[in-house]
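Please open the structure in your viewer and keep the selection panel at hand. The tour goes from one selection to the next, saying at each stop what is there.

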Amino acid sequence: VQIDFKPFFLIEPLSSREFRAQRINVLDYTAIVFSARHMIDAFFQLCEELRVKVPETMKYFCTTEAVAMYLQKHIVFRKRKIFYGTGTPASVIDLIGTKHKGEKFLITTSDSSSNEALTSLFQAQKLDFNTAVFVKSVPQDLKDIDIASYDMIVVYNPSDLKSLSENYPEYQPGNTKFVTFGKQIVKAMEEAGLPVEIKAPTPEAPSVARALELYLDAHKND
């Protein structure tokens, strides 16, 4: 089995003009929710460009410890109110609990992700929140790749499909099989009319790597 890793898109911060179009004022909020390190970079870059001085009283809620630790790149960690979960939306809600329920939250998102799993929990808890896009997906030039030569393509994000269609407007899957990770990309695949051979995560295959391993074992005599 030969595996090639080719990024179909890159994540870039919004320009200050693009961000202003959302009519979001960071200083209207008392707590920021981060789910990825590139969101943190984009947040502080935009604050600098817009000359927004983030107050020391701002609280930061992060989905994981790794994301929280990355805040040290931009702020003095020990002087700020930083909380982190275990990687699930529910763990962020647990962090908020009753102690921080009165905060006004800004949830950072990308243009290709709605953070629906998290926002639905915020709504259920009747928390005061809003979402704002801080990063965008930029398709990469894939025209030097012979896409039809691959037996299988693994996609994680709807932006992968956007890049695929922009690079290969007449693309037809033929015998190529697709692997997906997450419900959001499955929905995008259905809308694009592309077949899915393997879906992850599942109880048996919590990761794409495991899903591929099981698939290859089952088809090794084909």
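**Starting at a helix end**

Select Lys-126, which follows helix α5 and has a positive phi, near 55°. As you look around, keep in mind that this is a predicted model.

Now step back to α5 itself, residues 116-124, and colour Leu-118, Thr-119 and Phe-122, which are buried. Seen down the axis of α5, these buried residues fall within an arc of 95°, so they line one face of the helix.

Select the strands next: 6 of them form an open sheet, in the order β1-β6-β5-β2-β3-β4, with mixed pairing. At its edges lie β1 (9-13) and β4 (81-84), each of which pairs on one side only. Neighbouring strands of this sheet are turned against each other by 25° on average, when direction is ignored. Within the sheet, pick out β5 and β6, which pair in the parallel sense over 7 bridges, and then find Ser-110, which stands opposite Val-135 in β6. Helix α6, residues 158-167, packs on the sheet and touches β1 and β6, while its direction makes about 30° with that of β6.

**Pairs of charged side chains**

How many salt bridges does the count come to? The count comes to 4 salt bridges, and the following stops visit some of them.

Begin with Glu-18 and Lys-136, whose side chains meet in a salt bridge at 3.1 Å, N to O. This pair links distant parts of the chain, with Glu-18 in helix α1 (residues 16-20) and Lys-136 in strand β6, 118 residues apart. Glu-18 is partly exposed, with a relative accessible area of 33%, and Lys-136 also counts as partly exposed, at 23% relative accessibility.

Finally, select Lys-59 and Glu-103, which form a salt bridge in which the closest N and O atoms are 2.7 Å apart. Here too distant parts of the chain are linked, since Lys-59 belongs to strand β3 (residues 59-62) and Glu-103 to the loop between α4 and β5, 44 residues apart. Are these two residues, Lys-59 and Glu-103, buried or exposed? Both Lys-59 and Glu-103 are buried.

Methods:
Residues numbered from 1 in each chain as written. Predicted model: local features only at pLDDT ≥ 70, side-chain atom pairs only at ≥ 80, totals over all residues. Heavy atoms only, no water. Buried < 20%, exposed > 50% of the residue type's maximum accessible area, 1.4 Å probe, protein only. Helix = DSSP H or I, 4+ residues; strand = E, 2+ residues; numbered from the N terminus. Arc of directions from axis to C-beta. Pairing = 2+ DSSP bridges. Axes fitted to C-alpha atoms, helices over the stretch in contact; angles between N-to-C directions. Contact = heavy atoms within 4.5 Å.
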